[in-house]
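I set out to record what I looked up in this structure, entry by entry.

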Amino acid sequence: MKNWWKGKPVLSTAVLALIVIGCLGAPLIANHDPAGFYLESLNQPPNKEFYFGTDSLGRDLFSILFYGGRTSLGIGISAAVIMAVLGVLYGCVSGTANDKIDSAMMRIMEFCGSIPPILMMLILTAVVPASNMVSMSVLIGITGWFSLARMVRSEIRQIRHSEYVLYARCTGGGFFYVTAHHLLPNCLPAVMFAMISNVSAAITMESTLSFLGLGLPPAQLSWGSMLSLANRALLYNTWWAIVIPGLFLVMTLLCITNIGNYIQREAGRRHG
């Protein structure tokens, strides 16, 4: 029991837990209306009334950070779930199919995966504007599952001819039964790591698109929409409107990445 925390992402887990708890408890923490425009307090630096200052619209950054975190984290988790469903399903079908079907599915996946995600998102947002949390999650989810599908397909191709898998098929096990009981459990560590990494990637994508003015509108509170006003912050030299949301975003991404790396190391150690 001594030094049980050694090698474990205790600090990252604690910081991420505090951020998540703060976002969930936003109504209890916020001391101003996050959607309110305090026009008499435009571009105020951090002070006793506005803990993190105000932006160029007169909104309280402290309140927006926690309410906006709900949206950003929600998009990250929702998009990661969509990626997991699409990637696991496609990877399972490709991994268990015959060589011709597998080859055709891989060519399709390689073609789609060769397009940079940001370019694909720019094209999709031009056709279907990401005006809310649901549409943003769906757009990010359907453009980021290719690497997970390749990972699942590779894992399944290695074990699909194992004795216990062949036995399950010979005794009447169908595709879904064999996949759920024998194939996916062997891929679970890789899928868990990919899901955690995809949460981070989805939050980053949402922030990037919002920064470029193609994501959520400023009226939709999120960390990305806060950073979308960065040009005004630079113009008015209001550093807190960029630095504070940026720090929250970076801390969250670093914590998620550190936890994901720990899960990957543990999974590799067990398989080793």
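**Entry 1: Helices α4 and α7**

I noted that α4 and α7 are roughly antiparallel to each other, because their axes cross at roughly 155 degrees and an angle over 145 degrees counts as roughly antiparallel. The model I consulted is a predicted one. In it, α4 covers residues 99-114 and α7 covers residues 146-159, and their axes come within 10 Å. I recorded the crossing of α4 past α7 as left-handed.

I then looked up which residues meet. From α4 I listed Asp-99, Asp-102, Met-106, Met-109, Cys-112 and Gly-113, and from α7 Phe-146, Ala-149, Arg-150, Arg-153 and Arg-157. The residues of this contact divide into five nonpolar, one polar and five charged.

**Entry 2: Helices α3 and α4**

Next I asked at what angle α3 and α4 pack. The angle is about 145 degrees, and the axes lie 8 Å apart. On the α3 side, the contact is made by Tyr-90, Val-93, Ser-94 and Gly-95; on the α4 side, by Asp-102, Met-105, Met-106, Ile-108 and Met-109. I sorted the residues of this contact into six nonpolar, two polar and one charged.

In soluble globular proteins, nonpolar side chains tend to be buried together.

Leaving aside residues up to four places away in sequence, Met-226 touches Leu-61, Ile-64, Leu-65 and Pro-245.

**Entry 3: Ser-56**

Finally, I looked up a loop residue. Ser-56 sits in the loop between α2 (26-29) and α3. Is Ser-56 buried or exposed? Ser-56 is buried, because its relative accessible area is 16% and buried means under 20%. I noted the contacts of Ser-56 as Leu-42, Asn-43, Arg-232 and Tyr-236, not counting residues up to four places away in sequence.

Notes
Residues are numbered from 1 along each chain as its sequence is written. This is a predicted model: local features need pLDDT of at least 70, side-chain atom pairs count only at pLDDT 80 or more; totals for chains, interfaces and linings use all residues. Side-chain values use heavy atoms; hydrogens and water are left out. Axes are lines fitted to C-alpha atoms, for helices over the stretch in contact, and angles run from 0 to 180 degrees between N-to-C directions. Helices (H or I, at least four residues) and strands (E, at least two) are DSSP runs, numbered from the N terminus. Angles under 35 degrees count as roughly parallel, over 145 as roughly antiparallel, 65 to 115 as roughly perpendicular and the rest as oblique. A crossing is left-handed if the near helix is turned anticlockwise from the far one by less than a right angle, and right-handed if clockwise. Contact means heavy atoms within 4.5 Å. Ala, Val, Leu, Ile, Met, Phe, Trp, Tyr, Cys and Pro count as nonpolar, Asp, Glu, Lys and Arg as charged, and the others, Gly among them, as polar. Buried means under 20% relative accessible area, exposed over 50%, partly exposed in between (1.4 Å probe, protein chains only).
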